[in-house]
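Please open the model in your viewer and keep the sequence beside it. This tour names one selection after another and says what can be found at each stop.

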Amino acid sequence: MSAVRRLEPGDLAVVVGAAALPAALFIAAYDAEVFLVDHDLGAVEGAESRAVTEQLAGRFQALVVTFGSWFPDVAPSLVIIDPAALAAARARDRHALLAELQLRTRPGGVHVILPSPAPSEVIRSPPRRCRVSTAAGRSSGAAVLRRVPGSRPPNRSVRWTRR
């Protein structure tokens, strides 16, 4: 992560999402202060515990935050965002958080948005339960799953089509 080389000891990095904990600990190992925020108390407690285990607790703080309502008064040099952490938030809350982070980031600071999970990390349903159909003229590759009329209720075997 080349952005970490730009940090000086004592600089602050904000990490949004406990799933980005490996990046947060990597940054803390470079003597930068790390402030991790997430909406899940259990994830934050686990992150704090891991920082203690890695002997990085002196440079690591974690806080439970409801995205879109309040954000701590910090001025980061680096911001790492795990998009999955924002998935449950409303669109306007996500936009408000990103705008807030942009305003608070120091001049010359860097924002890094981590990639979404690789397809091999996504749990897929068995092929026999899905029926794929492609719509002519659609080139985006985005899938819209729709329930096939006449299929069983969701708690049973449901057939879906992709349009």
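Begin by selecting Asp38, which is buried (under 20% relative accessible area, where over 50% is exposed and in between is partly exposed, with a 1.4 Å probe and protein chains only), and yet has no salt bridge, the nearest side chain of opposite charge being that of Arg94, 13 Å away. A salt bridge here is a side-chain nitrogen of Lys or Arg within 4 Å of a carboxyl oxygen of Asp or Glu; Lys and Arg count as positive and Asp and Glu as negative, while His and the chain ends are not counted.

Before you go on, note that this is a predicted model, in which local features need pLDDT of at least 70 and side-chain atom pairs count only at pLDDT 80 or more, while totals for chains, interfaces and linings use all residues. Residues are numbered from 1 along each chain as its sequence is written, and side-chain values use heavy atoms, with hydrogens and water left out.

Now show what surrounds Asp38: setting aside residues up to four places away in sequence, Asp38 touches Gly17, Ala18, Val44, Leu63, Val64, Val65, Phe67 and Ala85, where contact means heavy atoms within 4.5 Å. Asp38 itself lies in strand β2, residues 33–38; strands (E, at least two residues) and helices (H or I, at least four) are DSSP runs, numbered from the N terminus.

Buried residues make up 33% of the 163 residues.

Select the five strands that form an open sheet with parallel pairing, in the order β3-β2-β1-β4-β5; two strands pair if DSSP finds at least two bridges between them. Because β3 (60–64) and β5 (110–113) stand at the edges with a single partner strand each, one side of each is left without a neighbour in the sheet. Neighbouring strands of this sheet are turned by 15° against each other on average, direction ignored, and helix α3 (residues 41–53) packs on the sheet, touching β2 and β3, with a direction that makes about 170° with that of β3. For such angles, axes are lines fitted to C-alpha atoms, for helices over the stretch in contact, and angles run from 0 to 180 degrees between N-to-C directions.

Within the sheet, move to β1 (residues 12–16), where five of its five residues are buried. Which way do they point from β1? Leu12, Val14 and Val16 point one way, and Ala13 and Val15 the other way. In a regular strand the side chains alternate between the two faces of the sheet. Strand β1 pairs with β2 in the parallel sense over five bridges, and Val16 stands opposite Val37 in β2.

On the other part of the sheet order, select β4 (residues 78–81), which pairs with β5 in the parallel sense over four bridges; the bridge partner of Ile80 in β5 is Val112.

Then pick Arg106, in the loop between α5 (91–104) and β5. Is Arg106 buried or partly exposed? Arg106 counts as partly exposed, because its relative accessibility is 42%. Leaving aside neighbours within four places in sequence, Arg106 is in contact with Asp11, Ala75, Pro76 and Ser77; Ser77 is 29 residues apart from Arg106 in sequence and 5.4 Å apart in space, C-alpha to C-alpha.
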